[in-house]
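I set down here what I looked up in this model, entry by entry.

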Amino acid sequence: MASYEELQESVITGQKDKVEGIANSLLDGGIKPREIIPKGLLPGMSVVGQRFKTGEMFIPEVIASAAAMNRGLEILKPLIVGNELSDMSAGKVVIGTVQGDVHNIGKSLVGMMMESGGFTVMDIGIDVPADKFVEAVEEEKPNILGLSALLTTTIPLMKDVIEALKRSNLRDKVHVMVGGAPITQEFADSIGADAYAADAVSAVDKAKQLMS
Amino acid sequence: MVNSLELKVLTQEEIGTIRDKCLEFLSTKGVKVEHPEVLKTLAREGAQVSFDDQTVRFPKDIIETTLRYTPKSFSLWGRRNYSEYYEMAIPHPDGLFYTATNTGAVTYHDIDSNTFRDVTVADTAEWAQLMEVSEGIDICAFPTIGDVPGEVADIYALKTYFENTAKHVWIQPHSAESMGYLIELSIAVAGSKENLKKRPIVSACSNSVTPLQFVPMEMNTLLQCARHGVPLYLCGLPSTGATSPITIAGTVLLSAIENLAQVVMSQLIEPGTPVFCGHHRLTLDMATGRSLLTSVEAILGEMASAHFIEEAFQIPTFAWGYGTDSHIPDEQSMIDGTLIGQLVALAGTDVLEGAGGLDACLTINPVQLIIDNILAGIFKRIKAGVKVNDDTLAWEEIWDTAPGNNFLERPHTLKHCREALRSDLFVRDPRAIWVAEGGKDMYIRALDKYKELKKGLRPQQLPEDVQKEMNQILKQAEEHLV
Ligand code: B12
């Protein structure tokens with residue numbers, strides 16, 4: 001039977017098929033899914049997170065690792081019952097770029113890296129009006145709402161989203177994180193956001209802090 | 001045109017392959033254009049438009065015909081004071097290039113406090129005045145002003161520019177709503193719509209959203225500029241590995257496809273619209289996720305695209321030729337700036353953009369502008385190459401000079417002795433004198449020069465009625481947009 005170490009290694013090296021094979025072989029060996037995830041998949045991904053932070057691993061490699069982990073989760077998750085599952089996610093994130101702004105990469109990158117960091121992420125795209133953010137928070141009930149904006153004309157709309165959340169009585173139900181090249185901590189404070197991050201690595205750290 | 005130095009980056013065969021693939025892609029797969037009015041015009045002019053999914057395909061014969069009548073040369077205009085115009089012929093008559101400043105920066109590196117802060121109206125006015133006296137700067141692009149409402153920041157910037165420089169202005173609109181006001185301001189200064197068309201004192205950029213998408217705001221810019229005869233910088237900002245293929249060649253191909261689509265659209269909308277093809281390049285740093293402007297791969301990509309467009313489409317080009325990923329003027333900014341400008345100029349780019357910029361175009365700094373102004377002169381001198389003729393060969397001088405003698409007293413030396421490029425920013429003195437004069441490094445020398453220049457800066461004198469009209473336009477914009 002394959003080992004947890006091998007499973008971790010396959011996540012780290014981003015080998016989806018191998019992860020699938022090992023996960024199945026562990027299941028065949030009678031090991032419980034709720035053990036395979038925290039002992040095989042998550043530790044592998046946590047090594048990946050560490051290596052990304054130190055610059056040893058590159059973004060596409062991290063994305064491949066996350067995809068490999070997800071292949072494992074796809075097999076294992078349906079076999080787990082009840083709220084054991086939500087315990088394993090670092091939290092739920094909805095992320096998007098505000099209305100009038102089509103800058104896409106920064107937001108997507110943060111989303112992908114959060115996913116790699118164990119979060120369940122819903123990327124609702126670019127040019128997103130405030131009411132769509134509110135709708136998404138209502139429906140998806142995320143722990144964190146991520147707002148991205150890069151333009152002087154669109155950055156003020158982040159505040160509008162926060163106001164809209166307040167009007168819908170959702171503001172205290174979700175942490176709001178903001179980012180985008182021209183955004184600063186001072187700006188984030190001034191609009192009452194809960195966190196700001198300058199890049200994807202620190203975004204994952206800050207998100208984890210918000211969850212703790 | 002004079003023979004200036006040219007770097008050939010691609011082979012004829014490679015250029016042919018890329019060109020074929022551009023036509024093949026645009027005629028069979030097409031691009032997405034999110035602008036109903038443009039879609040209608042394109043359909044009327046023979047493009048295959050699918051209105052459901054906003055896909056446009058351009059038949060090969062339409063592309064080839066359009067390329068034939070796309071202007072290969074045109075002029076930008078600047079002024080010496082309010083009414084005295086001068087022409088900047090594109091391509092440069094001496095085979096050189098023009099220099100534009102950094103566009104859109106949001107941050108001002110305050111050199112007195114060494115802090116980073118929002119760009120203010122006052123910074124913008126001084127910046128414009130500084131460009132006015134910087135002889136290497138031909139085209140003035142404005143920053144993003146932070147101490148006015150965001151909706152009208154670009155309108156403030158253009159107005160502030162007209163009040164403080166008479167040079168040609170590069171417009172980067174911030175929204176579809178502000179574009180009309182930017183044109184109105186330009187007409188006010190040009191005197192009339194006809195004047196603006198005849199001697200455009202402004203030009204503007206319209207971007208693709210790489211990959212292969214053209215959003216309403218950018219198409220609006222294209223439409224309005226084409227109608228007013230305002231020359232267009234057509235471009236995208238591909239980030240290799242993120243919005244474009246990770247390979248240099250793949251990004252060259254993708255941006256060529258987008259460039260060609262933009263050119264064809266501009267000409268179908270208004271035949272004869274003067275356009276530049278932009279070949280900006282960013283590379284996504286795969287470890288940090290930051291967009292890099294002066295990575296070696298970004299520079300190589302710009303060079304390849306410049307060469308490709310010149311050979312394949314013969315349309316004037318523009319790209320980043322100044323700028324750096326460094327956050328302050330330092331050793332890296334000097335290396336980055338020297339490499340990108342020199343190489344991109346040698347590859348044949350007509351307008352080099354980005355002077356005064358730091359942090360991948362997010363920040364401006366006046367000392368960096370002083371340095372880039374000097375770089376412009378160096379790049380031009382090198383690009384001009386070596387002239388060989390009877391006079392420069394100095395045959396008689398050599399013939400007449402006895403072995404062991406010197407040339408210092410020759411009339412030929414006297415005649416040419418002021419021709420060498422001689423920047424006061426570079427050390428020319430022996431060490432003892434340099435030490436005695438304070439032992440200043442390059443940055444401090446540039447800073448001194450900035451402080452010196454600052455004393456003589458002053459705004460433009462605009463006729464009262466023009467100033468009034470501009471104030472009125474800004475007021476209206478504030479009422480409608482804020
Ligand atoms: C690429 C680019 C574009 C592309 C975008 C393509 C795409 N599909 O995304 C195109 C060409 C479409 C574009 C268009 C425009 N752009 Co633009 N663009 C850029 C550029 C060069 C890089 C942006 C980028 O992709 N960076 C790479 C990513 C990875 O970095 P990032 O976005 O900063 O994200 C990181 C962090 O900020 C943070 N982050 C981001 N989002 C979030 C969210 C959260 C929750 C958190 C925690 C963190 C976080 O983490 C990310 C990863 O590390 C910047 C300049 C720059 N150096 O940033 C200008 C820039 C942002 N653009 C600018 C402008 C003005 C425009 C236009 C108005 C220009 C025009 N007239 O055409 C249009 C506007 C279009 C629109 N309506 O949105 C200005 C903004 C000035 C301002 N503040 O107003 C800039 C600064 C350039 C400049 N000097 O002019 N642009």
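This is a predicted model: local features need pLDDT of at least 70, side-chain atom pairs count only at pLDDT 80 or more; totals for chains, interfaces and linings use all residues.

Entry 1, backbone. I began with Q314(B), which sits in the loop between α10 (296-312) and β18 (317-320) of chain B; helices (H or I, at least four residues) and strands (E, at least two) are DSSP runs, numbered from the N terminus. Although Q314(B) is not a glycine, I noted a positive phi of about 55 degrees for it. I then looked up two cis peptide bonds in chain B. One runs from I90(B) to P91(B), with omega near -5 degrees, and P91(B) belongs to the loop between β5 (85-90) and β6 (98-101) of chain B. The other runs from T210(B) to P211(B), with omega near 0 degrees; P211(B) is placed in the loop between β11 (202-207) and β12 (213-214) of chain B.

Residues are numbered from 1 along each chain as its sequence is written, chains are lettered from A and ligands numbered from 1 in the order in which they are written, and side-chain values use heavy atoms, with hydrogens and water left out. For chain A I recorded a mean pLDDT of 92, with 97% of its residues at 70 or more; pLDDT is the predictor's confidence in each residue, from 0 to 100. Within chain A, the lowest mean among the elements is 65, for helix α5 (residues 84-88), and the highest is 98, for strand β3 (residues 144-148). Chain B has a mean of 95, and 100% of its residues reach 70 or more. For the complex, the predictor gives an ipTM of 0.88 and a pTM of 0.94.

Where does the ligand lie? I found it between chains A and B. Of the 48 residues around the ligand (a heavy atom within 4 Å), those that come nearest are H103(A), S148(A), P173(B), N207(B) and E218(B). By class, I listed 26 nonpolar, 19 polar and three charged residues in this shell; Ala, Val, Leu, Ile, Met, Phe, Trp, Tyr, Cys and Pro count as nonpolar, Asp, Glu, Lys and Arg as charged, and the others, Gly among them, as polar. I next looked up polar contacts (pairs of N or O atoms within 3.5 Å). A polar backbone atom of V102(A) is 2.7 Å from a ligand oxygen. A polar side-chain atom of H103(A) is 2.8 Å from a ligand nitrogen, and a backbone N or O atom of P173(B) is 2.6 Å from a ligand nitrogen. The elements that give two or more residues to the shell include β3 of chain A and α8 (216-228) of chain B. The most, four residues, come from α6(A).

One joins D17(A) and R71(A), at 3.1 Å from N to O. This pair links distant parts of the chain, 54 residues apart: D17(A) in helix α2 (residues 16-28) and R71(A) in helix α4 (residues 59-76) of chain A.

Methods. A polar contact is a pair of N or O atoms within 3.5 Å; within protein, one must be able to donate a hydrogen and the other to accept it, and residues adjacent in sequence count only if both atoms are side-chain atoms. A salt bridge is a side-chain nitrogen of Lys or Arg within 4 Å of a carboxyl oxygen of Asp or Glu.
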